[in-house]
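Please keep the structure in view while reading.

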Amino acid sequence: MAFPWVVGLLIAMATSCQSAKRPNIVFIVADDLGYNDVSFHGSNQIPTPNIDNLAYNGIILNNYYVSPICTPTRSAIMTGRHPIHTGMQHSVIAGDEPYGLPLTETIMPQYFKELGYKSHIVGKWHLGFFAKEYTPTYRGFDSHFGYWLGCEDYFDHTSEAWLSQWGLDFRRNMDLLDNYTGQYSTELFTQEAVNIINTHNQSEPLLLYLPYQAVHSGNLDAFPLQAPEMYTKRFPNIQNINRKLYAGMVSALDDGVGEVVKALNQSGLMNNTIIAFTTDNGGPSNGFDGNAASNYPLRGVKATLWEGGVRGVGFVHSPLLQKTGYVSQQMLHVTDWLPTLFSAAGGDPKRLRKQDGFDSWNMLSTNGAPVRTEMLHNIDPLNKFGGLRVGEYKLLTGNVGYGNKWNGWYPPWQLEQDTDRLHGSKYDKMSDNAWTKYAESRQIPSNDIHVRAAGNYQTSRRLSGSPVPITCGPKPQNASTNCEPMKAPCLYHIPSDPCEYHNIADQHQDIVIQLLTRLEQYTYTMIPPGNKPLDPNGNPSLHGNAWVPWVEL
């Protein structure tokens, strides 16, 4: 006869053993990182040796897509559901906007807690805080060190929603922190991540969600681009001060990734760890949002549905992968992360609620057959635009790129005068030929200076591996005028035309009709955007000059 307490002990021990075998997950999100801002994509300006090392020795995701802007992508990461199905498809959550990712949604740390994981978030949240129930530690995370809004100053950690709304947004769990002024956030988040790794109880699996602030702009009415001199002085080749500051921000991020990897190795966790890396959207190029990122030669910027807004920098790195060192051409979407990592952790993806994402772990691990053949980029019923990819074809309709203001191809700033001459807002005021002629007349020297990499110095701008650049072919004279998506849908064949030079809608009306029909089918499943009118009661001036929850549920 078995005693109940013995049975209970055996079950507890079995659960503990099973949990201990599950892989650790380190999920790194770079904020607003441009496609052309990592050297494994061929950037000649900004070396990223630590990021490159993981990418080259892991799997480079070369057909990987995210949402065009921050909050929607983060909601998709957390839920595995497309933003049109959670009401997060329109814009981002502003400071005093009283909504968030719906509490009816189960999110990543809650699912992983069922598998015995300890879950921590270090960095940016941006999924709602108007009521405390929407904040990270109320939604499954065991700890949070970071901030709740979309951007803030890298040194004083105050966040500006509008000039009349400016307050402190830096905390540990629910406690505000006012003693970190003058300390650079990228370094703070790296230190916190390293401490979590070093102090983690290795009898439990670890989920470390590390959404860095870098390389998003800071407060637009103060100092949008911020980096300590120790990082910017690595780039004497860049004359343009804005691009030099941005390069310093990327370099600090790259150092941070290196320190996290170093901690994983020294703690012995790396042998059973999966590292996922992604940007949240395309880069805000050439002055968009006060930034100096680059997606070149891809078209468009953050917040647009052009490839420059939605084609993501991404890779997976793990000793648990059966095949590594290859470039994945299989289609992958940001909604796929949750079911993929849950599956890798030994969970059953069928337990995840109403998934739009696909379990892609076996596909990635073996370089197997694609599991996804289409993806919805977005449908925004308020701004009236939509876009999707089916097979090799991409359809765009409506105001996908701020009219004609941000639908161009924006090379990285290099010379001091580029800030003015190549500012993206001027693109539609110059002829395409004049713009291209000036951009191509500049020489952008490679950066072969010493760069810090995981505590050591590398003299080469890249580690071993072959960069995976975008190749566009010759740009036709009508590239900027042959598509007017606010007048008629545009169609592109992305494998042969990744830079969206050739609108082939007129030649393939049958495919246009097919994709428009599919887009309409998606609208039948869409829920209305969750955005709410701004609430002046959220103003930090009413709460001791700090951003805090102001609504009681």
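In this predicted model, F170 is buried, because its relative accessible area is 0% and buried means under 20%. F145 also counts as buried, at 2% relative accessibility. The rings of these two residues form an edge-to-face pair, since their planes are at 70°. This pair links distant parts of the chain: F145 belongs to strand β5, while F170 is in the loop between β7 and β8, 25 residues apart.

The structure holds 29 aromatic pairs.

| Pair | Centre to centre | Angle between planes |
|---|---|---|
| W125 and F141 | 6.3 Å | 90° |
| F145 and F170 | 5.3 Å | 70° |

W125 is buried at 1% relative accessibility, and F141 is buried at 3%. Both W125 and F141 belong to a cluster linked by ring pairs, which also includes F27, Y64, Y209 and W337. Elsewhere, a charge meets a ring: the charged end of R171 sits over the ring of W148, 3.6 Å from its centre.

Strand β5 is part of an open sheet of 10 strands with mixed pairing, in the order β9-β8-β5-β4-β10-β1-β11-β12-β2-β13. β9 and β13 stand at the edges with a single partner strand each, so one side of each has no neighbour in the sheet. Strands β1 and β11 pair in the parallel sense over seven bridges; in β11, I275 is the bridge partner of V26.

Helix α3 lies across β1, β4, β10 and β11, at about 175° to β10. Helix α9 lies across β1, β2, β11 and β12, at about 175° to β11. The buried residues of α5 pack against several elements, including β4, β5 and α7.

Key:
Residues are numbered from 1 along each chain as its sequence is written. This is a predicted model: local features need pLDDT of at least 70, side-chain atom pairs count only at pLDDT 80 or more; totals for chains, interfaces and linings use all residues. Side-chain values use heavy atoms; hydrogens and water are left out. Contact means heavy atoms within 4.5 Å. Helices (H or I, at least four residues) and strands (E, at least two) are DSSP runs, numbered from the N terminus. Two strands pair if DSSP finds at least two bridges between them. Axes are lines fitted to C-alpha atoms, for helices over the stretch in contact, and angles run from 0 to 180 degrees between N-to-C directions. Rings of Phe, Tyr and Trp (its six-membered ring) pair if their centres lie within 6.5 Å; planes under 30 degrees apart count as stacked, over 60 as edge-to-face and the rest as tilted. Buried means under 20% relative accessible area, exposed over 50%, partly exposed in between (1.4 Å probe, protein chains only). A charge sits over a ring if NZ of Lys or CZ of Arg is within 6 Å of the ring centre and within 35 degrees of the ring normal.
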